[in-house]
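Here are some notes for a first look at this model. They are meant to be read with the structure open.

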Amino acid sequence: MKHTISALALAVAATAAFAAPAQAEGERFVLISHAPDSDSWWNTIRNAIAVAGEQMGATVEYRNPTTGDLADMARIVEQAAASGPDGIIVTIADFDVLQGPIQDAVDRGIPVITINSGTQDQSEALGALMHVGQPEYDAGFAAGERAAAEGVSSFLCVNHYITNPASVERCQGFADAIGTDLGDQMIDAGQDPGEIRNRVSAYLNTNPETGAVLTLGPTSAHPTIAALQDAGLAGEMFFGTFDLSGEIAQALKDGTIDFAIDQQPFLQGYLPVVILTNLSRYGVLPSGHINSGPGFITAANIEQVEALAGEYR
């Protein structure tokens, strides 16, 4: 699977503000995500920080807002910074909401790496060391290019986390690539599987000319598969999704889903722990941002990754 990773070489020395002499094991890092407890996609990142923590001899705590409320997330960032960790790993789910707490952590002298949501420019504006993640607009655009090559000119974007600007970027990139306005082709699907299924079904009934469906992760993909099955459209409508799960893997194999975009979440959890550990002990730091995706999983390569879904992929 092709993927783009930049800045793999280590810099000769880290930024002076974070340089530190070599020290023994025992660093404590905190990873803070925007995901609610119900979002199983984050299990891979939780596994990644456990693996990295064990390998590095460091403690890595995972914290998140139970319901996905970003105001709660901001408070969690503030609490984490006040506890004085050796580093913070955090998503930029909403720049405006999180700007103050993240910058406060940086001002305290805590090394911060941003992951997953947000952009490299936003990461730099916050004073973070780097961003590890997938450029979301570019990923959506690449997905749209695949759809456009199949003649798709209209679509439904099933957005289960519409309050996260990165999710809208995915939908917008897809729309731009197929040459259409996003408009009402993106729906606020919510988090409840039954409600997502009903809203997708209702949209497709009202808009029978829809040429494709794009879902933004397992939370929206699983109920959408059911909705297409209900309508007799499974395998008939162009269907792309972000991320991977066991159910998505099966849908790739049976032809219901055309592709899944893999942003390689394991790298988003694993690499920051390794990088922060090496920064703490030896004062070394990669020289730029790291793109963990996008890569595309199809029926042609699903066998290579299926066994690792939910744990490493």
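1. In this predicted model, helix H5 has seven positions to look at first: Glu 136, Ala 139, Gly 140, Ala 142, Ala 143, Gly 144 and Ala 147 are its buried residues.

2. H5 itself covers residues 136-149, which makes 14 residues. From its first C-alpha to its last it reaches 20 Å, close to the 20 Å expected at 1.5 Å a residue. Just after the helix, Gly 151 takes a positive phi of about 85°.

3. How many aromatic pairs does the structure hold? There are 7. One of them joins Phe 259 and Phe 296 edge-to-face, with 5.3 Å centre to centre and 75° between the planes. This pair links distant parts of the chain, since Phe 259 is in strand S10 and Phe 296 in strand S12, 37 residues apart. Phe 259 has a relative accessible area of 2% and is buried; Phe 296, at 15%, also counts as buried because the cut-off is under 20%. Ring pairs link these two and Phe 238 into a cluster.

4. A further pair is formed by Phe 266 and Tyr 312, and it is tilted: the centres are 5.2 Å apart and the planes are at 50°. Phe 266 belongs to helix H10 (residues 265-282), while Tyr 312 is in the segment after helix H11 (302-305), 46 residues apart. Phe 266 is buried, with a relative accessible area of 13%, whereas Tyr 312 is partly exposed at 33%.

5. Strand S4 (residues 112-115) deserves a separate look. Val 112 and Thr 114 point one way from the strand, Ile 113 and Ile 115 point the other way, and all are buried.

6. What joins S4 to strand S3 (residues 87-91)? The two run parallel and are joined by 4 bridges, with Ile 88 opposite Val 112. Together with helix H3 (residues 95-107), S3 and S4 make a right-handed β-α-β unit.

7. S4 also pairs with strand S5 (residues 130-133) in the parallel sense, over 3 bridges. Ile 115 stands opposite Val 132 in S5. The chain passes from S4 to S5 through helix H4 (residues 120-126), and this β-α-β crossover is right-handed.

Note on methods. Residues numbered from 1 in each chain as written. Predicted model: local features only at pLDDT ≥ 70, side-chain atom pairs only at ≥ 80, totals over all residues. Heavy atoms only, no water. Expected span 1.5 Å × (residues − 1). Buried < 20%, exposed > 50% of the residue type's maximum accessible area, 1.4 Å probe, protein only. Pairing = 2+ DSSP bridges. Right-handed = clockwise from strand over helix to strand, strands pointing away. Phe/Tyr/Trp six-rings, centres within 6.5 Å; stacked < 30°, edge-to-face > 60°.
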